[in-house]
Amino acid sequence: MSEFVDANVEPTTLEAEESVTNRPRFCVIDTDCSKAWNPITFSDMFRTCFELPGDAWITCHIAVGDELPADLLSYQGVVLTGSRFNCRDNLPWFAPLCQFIRDAAQQGTPRIYGGCFGCQLIAHALGGEVDYNPDKRFILKA
């Protein structure tokens with residue numbers, strides 16, 4: 001997992017470290033491992049848009065083997081990125097991530113934002129149906 005704490009805040013004492021731990025915490029769960037987006041990743045894109053001074057962010061690269069943070073339910077927000085994968089793929093990280101989504105929904109926190117695949121995964125985990133687009137007319141373009 002890579003961690004980001006505001007570059008201007010470097011804890012040097014226990015008091016400073018405690019103030020960093022009490023900051024709003026957010027996690028981006030990067031669900032893609034494709035090299036197609038280099039030199040940036042999906043998590044880079046979301047963090048660039050959402051990070052605010054004073055927040056503490058981490059990135060969990062679940063598609064390349066990172067484990068979900070054990071205390072993820074205590075975060076203020078979680079972002080699930082887009083991915084080249086889909087909800088029907090049988091991936092080793094799929095079941096734990098779906099369970100986290102169900103636990104967060106039941107607990108009412110953290111707030112979860114899903115981008116593209118992340119949105120599909122949330123729908124799937126909560127009992128929705130995610131399927132192929134039969135007419136294939138919708139094409140996302142930049």
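Reader: Where does alanine 95 lie?

Author: Alanine 95 is part of helix H3. Elements come from DSSP runs: a helix is H or I over at least four residues, a strand is E over at least two, and numbering starts at the N terminus. Helix H3 spans 94-107.

Reader: What should I know about the model before going on?

Author: The model is predicted: local features need pLDDT of at least 70, side-chain atom pairs need pLDDT 80 or more, and totals for chains, interfaces and linings use all residues. Residues are numbered from 1 along each chain as its sequence is written, and side-chain values use heavy atoms, without hydrogens or water.

Reader: How many helices and strands does the protein chain have?

Author: The protein chain has four helices and five strands. Read from the N terminus, their order is β-α-β-α-β-β-α-β-α.

Reader: Back to alanine 95. Is alanine 95 buried or exposed?

Author: Relative accessible area decides (1.4 Å probe, protein chains only): under 20% is buried, over 50% is exposed, and partly exposed is in between. Alanine 95 counts as exposed because its relative accessible area is 53%.

Reader: How much of the protein chain is buried?

Author: Of the 142 residues in the protein chain, 37% are buried.

Reader: Which residue is 30 residues from alanine 95 in sequence, yet 8.8 Å away in space?

Author: Alanine 125 is that residue, with the 8.8 Å taken C-alpha to C-alpha.

Reader: Where is glutamine 99, then?

Author: Glutamine 99 sits in helix H3. Its relative accessible area is 36%, so glutamine 99 is partly exposed.

Reader: What does the side chain of glutamine 99 make a polar contact with?

Author: A polar contact is a pair of N or O atoms within 3.5 Å; within protein, one must be able to donate a hydrogen and the other to accept it, and residues adjacent in sequence count only if both atoms are side-chain atoms. Here the partner is the side chain of aspartate 103, at 2.8 Å.

Reader: Now the loops. Which loop holds proline 92?

Author: Proline 92 is in the loop between strand S4 (77-80) and H3. Proline 92 is exposed, because its relative accessible area is 74%. Its C-alpha atom is 9.5 Å from that of isoleucine 62, across 30 residues of chain.

Reader: What about asparagine 22? Where is it found?

Author: Asparagine 22 belongs to the loop between helix H1 (14-21) and S2. A relative accessible area of 66% means that asparagine 22 is exposed. Alanine 56 is 34 residues from asparagine 22 in sequence but 9.0 Å away in space, C-alpha to C-alpha.

Reader: Isoleucine 62 came up with proline 92. Which residue is in contact with Ile62?

Author: Contact means heavy atoms within 4.5 Å. Threonine 31 is in contact with Ile62, and also with residues including Gly82, Trp93, Leu97 and Phe117, neighbours within four places in sequence being left aside.

Reader: Is threonine 31 buried or exposed?

Author: Threonine 31 is buried, because its relative accessibility is 0%. A polar atom of its side chain lies 3.1 Å from the backbone oxygen of glycine 82.

Reader: How far apart in sequence are residues in contact across the protein chain?

Author: Take contacts between residues at least 6 apart in sequence. Of these, 74% join residues at least 24 apart.

Reader: Which peptide bond is cis?

Author: The bond from threonine 109 to proline 110 is cis, with omega near 0°. Proline 110 is in the loop between helix H3 and strand S5 (111-114).

Reader: And which residue has a positive phi although it is not a glycine?

Author: Cysteine 116 does, with phi at about 55°. Look for cysteine 116 in the loop between S5 and helix H4 (117-125). Cysteine 116 is exposed, because its relative accessible area is 53%.
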